[in-house]
Amino acid sequence: MQQSAAGRLTRAEAEDFLYFEAALLDEWRLKEWLELLTPDATYLIPPNDKPDGDPRNTLFIIADDAERIRQRVIRVLDPNCHAEAPRSRLRRSISNVRVLGQEGDLATVAANFICHRYRRHERIREYVGGLTYQLRITAGGLKIRQRRIVIDAHELGSLGSVSFIL
Amino acid sequence: MSYIIDDPVNQRFLLHRAVHVSPAVLAEEMDKVFAKCWIYVGHGSELAKPGDFVTRKVAGRPVIFARDAEGAIGCFFNTCRHRGAVVATKREGNARRFFCVYHGWSYGLDGSLARIPGEDAYTGSFDRNEYGLKRPPRFEQYRDFWFMCLDPDAPALQAYLGRATEYIDLVVDQSPSGTMQVISGTQEYAVAANWKLMVENSVDDYHLPTTHSTWLNFMANSGVTIERPPREAGQVLPTKGYAISLGNGHFTTDNVNFRGRPVAHWIPLYGEAARDEIDAIRQELVERLGPERAERVANTNRNLVIFPNLVINDGSSVTIRTFFPDGPERMEVTAWALGPVEEDESARARRLDAFLTFYGPGGFATPDDVEALELVQQGMANWRSDEWSEMSRGMGKPESEQLNSDEHHLRTFWRHWNRMMQENA
């Protein structure tokens, strides 16, 4: 990943990174996706009724530490992960990317997303919301320290499960 | 008609699949089941302060669950007495009045009519005292679990719960003061399946090795030893567990734990640092309850069904789960986590983390349950050509030997449901 001269993360760099990550997730290239994470990464989806909650005192939909993320990838790639066998076809669009700030090598980036999910014989599901990432700028490119994904819907309702990597 | 074939002589039990697809069956069960039984509304801990309220649908009916200025908990139909609009529109909050935005009628936290704009235009027999928010005919609690009943002649809640109270007590005994609380954060999701399939799934341990093999792998990857099932007739799980009928259509599994429990059975998944904390929780249980009951609380799991649609799973963590039909082939599920009020920050975080290893729409098990139920519902489209579901497993054994992986508890549900459906509304 090219860094700007000042060492400040630019929006274009953030966009390139988020688009690349979206492609890996849509294409189920999850082992490559794991390479984008820092060793202490977290993956959080708060409950629809408490989008600002803290997973230590609030029941989340997903609150994974790095090891749990690895286990999640093992699980969803297993043919016995019935919720994703056959796998969902996923297509996500990322927009309104903003670099909110940077402290040292850690930048905070926000964006909007729409993720369409299709499975045969099932309703089409549209996951819409905002993502906030902490991205670490490293010699090996950008790495995800935290990805927090807020689903705008007031309840999961017809979205059902989040059995893929959103 | 009877929807079951219950044949003890030939040890066969069959269920007619119309129960999962028929709009007529759903209309009938709204009258004969949901309008007759005690239905879970909420937990008192959701209303911490006077004026706190939550709104939700219970059996399709919008209700307000509120604590009034004196601290009393009430339940009201969320419908203005004037022209019918919903009067509380927020999911939750703290209020002094419920105010209808249409013409401005307002109501107190006890449901009483507070104000009518231009009240002097109402004359003749109009009596404002008759215009408080309507209440369900019955509204009672057991250990702060609040239920409503639409049948004014129903037995008292505690009599209805019967032996199920013993299992609720086992869950509540996790708390030193006997005070459990619903933890912030609600999981609400729909499943494209008949609501009764969730009842079956919530207690059916027969499906665990197949549906949840990826969860068992995850446990093994996390250092939890999962023994192979012993070579014993019908056993498919590492430890022996039973299915117990509790009367009035309620039932539970009662299992020796193999999966770890935040209260209070350590597994490597929790991390080395948690060992001492869990030992201390266990020690408190022993001192307060004695060694035998402490062992019951700490080292046995139970998935409890309060007929018809409340599930309390006391397994990897404690969840309250309720679900209502939205048409015959779809249900809406709401789930909460429950924990002792005394729990410190790290124990609470561990409880929530343990919850997410298994339960919920992002958990490592529930999404596969949802998939299984939706596949059942898809298969049900053949119900006219393939009419009966098979539920005879374990039927040849006496009741005391019914395993959690047999289908005794499912038969218990269906016999009770079928009996209610035979009665006049």
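1. Start with helix α4 of chain B, residues 195-203. In this predicted model, 9 of its 9 residues are buried, so the helix is largely enclosed by the rest of the structure. The buried residues are B:W195, B:K196, B:L197, B:M198, B:V199, B:E200, B:N201, B:S202 and B:V203. Buried means that 20 or more other C-beta atoms lie within 10 Å of the residue's own; exposed means 12 or fewer, partly exposed falls in between, and C-beta atoms are placed from the backbone. Helices (H or I, at least four residues) and strands (E, at least two) are DSSP runs, numbered from the N terminus.

2. A word on conventions. Residues are numbered from 1 along each chain as its sequence is written, while chains are lettered from A and ligands numbered from 1 in the order in which they are written. The model is predicted, with local features needing pLDDT of at least 70 and side-chain atom pairs counting only at pLDDT 80 or more, whereas totals for chains, interfaces and linings use all residues.

3. Domains of chain B. The chain is divided into domain 1 (11-36 + 162-422) and domain 2 (38-149). These bounds come from an automatic or database domain assignment. The two centres, taken over C-alpha atoms, are separated by 32 Å. Contact involves 11 residues of domain 1 and 11 residues of domain 2. Two residues are in contact if their C-beta atoms, placed from the backbone, lie within 7 Å. On the domain 1 side, α3 (164-172), β13 (180-182) and β19 (318-325) of chain B give two or more residues each. That side divides into 8 nonpolar, 3 polar and no charged residues. Here Ala, Val, Leu, Ile, Met, Phe, Trp, Tyr, Cys and Pro count as nonpolar, Asp, Glu, Lys and Arg as charged, and the others, Gly among them, as polar.

4. The Rieske annotation. UniProt, in an unreviewed entry, places the feature "domain: Rieske" at residues 39-120 of chain B. UniProt positions are given in the numbering used here, feature names are shortened, and annotations may be inferred rather than shown by experiment. Over residues 39-120 the chain is 0% helix and 44% strand. The end C-alpha atoms of that stretch are 40 Å apart.

5. B:T79. This residue is in the loop between β6 (73-77) and β7 (92-94) of chain B. Is B:T79 buried or partly exposed? B:T79 is partly exposed, because 18 other C-beta atoms lie within 10 Å. Leaving out residues up to four places away in sequence, B:T79 touches B:P62, B:G84 and B:V86. B:R61 is 18 residues away along the chain, with 9.6 Å between the C-alpha atoms.

6. Three strands make an open sheet in the order β1-β2-β21, with antiparallel pairing. Two strands pair if DSSP finds at least two bridges between them. At the edges stand β1 (4-7) and β21 (388-390), each pairing on one side only. Neighbouring strands are turned by 25° against each other on average, direction ignored. Strand β2 (residues 12-16) joins β21(B) over 3 bridges, and B:L15 stands opposite B:S389. Helix α10 (residues 408-422) lies across β1 and β2 of chain B, at about 120° to β1(B). Axes are lines fitted to C-alpha atoms, for helices over the stretch in contact, and angles run from 0 to 180 degrees between N-to-C directions.

7. The sheet of chain A. Here 6 strands form an open, mixed sheet in the order β2-β1-β6-β5-β4-β3. Each of β2 (62-64) and β3 (89-103) stands at an edge with a single partner strand, so one side of each is left without a neighbour in the sheet. The twist averages 20° from one strand to the next. Antiparallel strands β5 (residues 125-138) and β6 (residues 141-151) are joined by 10 bridges. A:L135 stands opposite A:I144 in β6(A). Helix α1 (residues 11-26) lies across β3, β4 (106-118), β5 and β6 of chain A, at about 150° to β3(A).

8. Where the chains meet. Contact links 34 residues of chain B with 31 residues of chain A. On the chain B side, β14 (187-191), α6 (213-221), β20 (331-340), α8 (345-358) and α9 (366-379) each supply at least two residues. The most come from α8(B), with 7 residues. By class, this side has 16 nonpolar, 11 polar and 7 charged residues.

9. B:T366. This residue is found in helix α9 of chain B. B:T366 counts as buried because 27 C-beta neighbours lie inside 10 Å. Not counting residues up to four places away in sequence, B:T366 touches B:Y359, B:G360 and B:P361.
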